[in-house]
Protein chains: 4
Amino acid sequence: MAGSRQALNVLVLNGSLKHDGTPSNTEEVVELVLSHMREADTVETDVLRLSDLTLPPGVGMNEGAGDAWPEIYEKIKATDILVIATPIWWGGRSSLTQRIIERMDTFDEEAHAGRDVLRNKVAGIVITGSEDGAQATMAGIMEVLSFMNFTLPPQCCTYWVGEVGMDPKTDPQRRGANKSVDTMAKQTAGNLVAMARILKDNPLPEIT
Amino acid sequence: MAGSRQALNVLVLNGSLKHDGTPSNTEEVVELVLSHMREADTVETDVLRLSDLTLPPGVGMNEGAGDAWPEIYEKIKATDILVIATPIWWGGRSSLTQRIIERMDTFDEEAHAGRDVLRNKVAGIVITGSEDGAQATMAGIMEVLSFMNFTLPPQCCTYWVGEVGMDPKTDPQRRGANKSVDTMAKQTAGNLVAMARILKDNPLPEIT
Amino acid sequence: MAGSRQALNVLVLNGSLKHDGTPSNTEEVVELVLSHMREADTVETDVLRLSDLTLPPGVGMNEGAGDAWPEIYEKIKATDILVIATPIWWGGRSSLTQRIIERMDTFDEEAHAGRDVLRNKVAGIVITGSEDGAQATMAGIMEVLSFMNFTLPPQCCTYWVGEVGMDPKTDPQRRGANKSVDTMAKQTAGNLVAMARILKDNPLPEIT
Amino acid sequence: MAGSRQALNVLVLNGSLKHDGTPSNTEEVVELVLSHMREADTVETDVLRLSDLTLPPGVGMNEGAGDAWPEIYEKIKATDILVIATPIWWGGRSSLTQRIIERMDTFDEEAHAGRDVLRNKVAGIVITGSEDGAQATMAGIMEVLSFMNFTLPPQCCTYWVGEVGMDPKTDPQRRGANKSVDTMAKQTAGNLVAMARILKDNPLPEIT
């Protein structure tokens, strides 16, 4: 299906609190979405585990020695598709995902010129949690992404949450085995790449 | 345990979209909380199914023929414990529960004098949904209740939500069979009655 | 700018608690967005004041005598652009807006076939409140619209909220006089019509 | 009014992104609440600026060299009143406040025994933002605090947000000059200390 078209760049920012090498439920669902993207189109994927990076608090472009933000900033500017992936902690996005959103203020501080570079990019969301909070967490991230100038295609989010009080570690229906999660992942992946292709060929005009 | 103390009044406003006579998941969890209240203390309970009442939109005391609000308003003024019970529809409280919250503006319109009658009352929350949204729905209701002058004891909410994509109708762990829901219900019930007794004997002073 | 293209259909569902003939802050901001749409393209607009319609609680297609839902359902199916407009009441969308979202379950009940008719439609949001809650209310509605199959273009929401404790009735910066609201309205309007045109000419493929 | 009673301990966790020495809007409102507490009762206050502390991501008790969490953990256990103070960043609590909430999982990991030490403590909230998001941010924090076993008295939150698009730096009604913020601060302060006294003398029983 992908033909000889140029690959779409996909950047995933994984806000799991776990470090690389440790299994992350969020990464498991991210991989499900990426595998469906690979089936649907030609993609170059880059998954960053935020817990392994230095990301000091603040809203400047560079907040200290080793600050990873300037590099992430360039990666966001260069990507076609941005996926914000986060676990749920107490009903909200993780502190690492919130940190990235705060640092994205850099686009805002350059005002309209800053957010213009995000126009005609497409965004998706992946959420995992033990039992609740996916839709609210997703909603909060959608709001940020929309004002940041991203386009949100239909069913732009894939999530997994278990039943209240069940242990997700032993739940046989967990994540990968849950058919509705796979269906969501396929829809999210297909819509993200299709919308990215549409906007590449038919960019939104500047509103002046 | 209850001794010869005067019964505590408990008013439950059930915002289920289903009419009385139809089983409501929300009512099932409400009954679980009420049964634990009865074990913990002497209570007089009154459960209103909002879908059976006439509650026109608006923020006046009486919004038309048959308006049930004036009677509910008096019941809220007379209760010791108010329980807001709602199903989750698309991540939010039901339209019937939202209607009640809008109508509670009547207390607000009478300004500080209005909300004063709600002081030293205790509030709890019951939430049910097929798979997600309990904590966000609960949080939104807590915010309203706090500004309305209610006290929220620890673990003031009991909820049930299932795993994403599972059919709650066939899920063997549903609601009543879920031990963590029963634990929550016991905590919610016990804390509501204990706090109501404490505030009856030791009312908060007026802050002037 | 619009040329001789066929008009885009725009359906606005205004969830104000006020009845037609009474000024609605929400309608004021809706009209601002619509005026920018008319400058940007050829549009046919239809604004429904929900408070004037009969919309019983429930999730069936027809919930009783005079139920306006079947007609709204057909209008949603026929529109190119859907705008959900709501005041904020206690941090949430109005009971009338929540009622519409519940009734949209009709699309869901027809399962995938049902929501397919909403694919390649574009959605926007208008929010007004006296002082707080716009972004959370907007976020919650975005989540519903995305899963319902709508595409959300950049800056798809326009909102007005005042400073905490200020009386919006006497605030000289209120709504229409607030330049940032006009800027948002222009962006929202321009993006909605541009994205609707793009999707009319380049529809998203079905994901199978 | 305070008489010769033992001072109430008040711990404030300020999640501002700004470092100590830099004016923080959040600290300005915190000080307003604390000044009303001092008028109402005898209090010992401890305000921690989280941005100046080392707080690595994770859910263990000690997440690396210099981790400030073990000390904060002990301070929370010893306080009578906990105040969570946070700026709003894109509709949510700051990454530093979210980090603290994640680290509070330490109480959870010790399961019921862990959260038992938080019982009979009282909690309040302070929120500041440029224009929107206070009630949603407050609501999300209330939900965490309730399940963590804190009691939330009436009007437990004080917040300041400005009008959409206005520059809070030049707004003459900003924070301290806003009478409704002062009213909220007085109510929050008075209710927190009154409830702390009530629970010191009349602790909630254990629910078993």
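Is D:Phe107 buried or exposed? D:Phe107 is buried, with a relative accessible area of 0%. Buried means under 20% relative accessible area, exposed over 50%, and partly exposed in between, using a 1.4 Å probe and protein chains only.

This is a predicted model, where local features need pLDDT of at least 70, side-chain atom pairs count only at pLDDT 80 or more, and totals for chains, interfaces and linings use all residues. Residues are numbered from 1 along each chain as its sequence is written, chains are lettered from A and ligands numbered from 1 in the order in which they are written, and side-chain values use heavy atoms, without hydrogens and water.

Now look at the rings. The whole structure holds 16 aromatic pairs over all chains. Rings of Phe, Tyr and Trp (its six-membered ring) pair if their centres lie within 6.5 Å; planes under 30 degrees apart count as stacked, over 60 as edge-to-face and the rest as tilted.

Take B:Phe147 and D:Tyr159. Their pair is edge-to-face, at 6.0 Å centre to centre and 80 degrees between the planes. B:Phe147 sits in helix H6 of chain B and D:Tyr159 in strand E6 of chain D, so this pair joins two chains. Helices (H or I, at least four residues) and strands (E, at least two) are DSSP runs, numbered from the N terminus. Both B:Phe147 and D:Tyr159 are buried.

Return to D:Phe107. Its ring centre lies 6.4 Å from that of D:Trp69, with the planes at 85 degrees, so this pair is edge-to-face. D:Trp69 is in helix H2 and D:Phe107 in helix H4 of chain D, so the pair ties together parts 38 residues apart in sequence. D:Trp69 is buried, with a relative accessible area of 0%.
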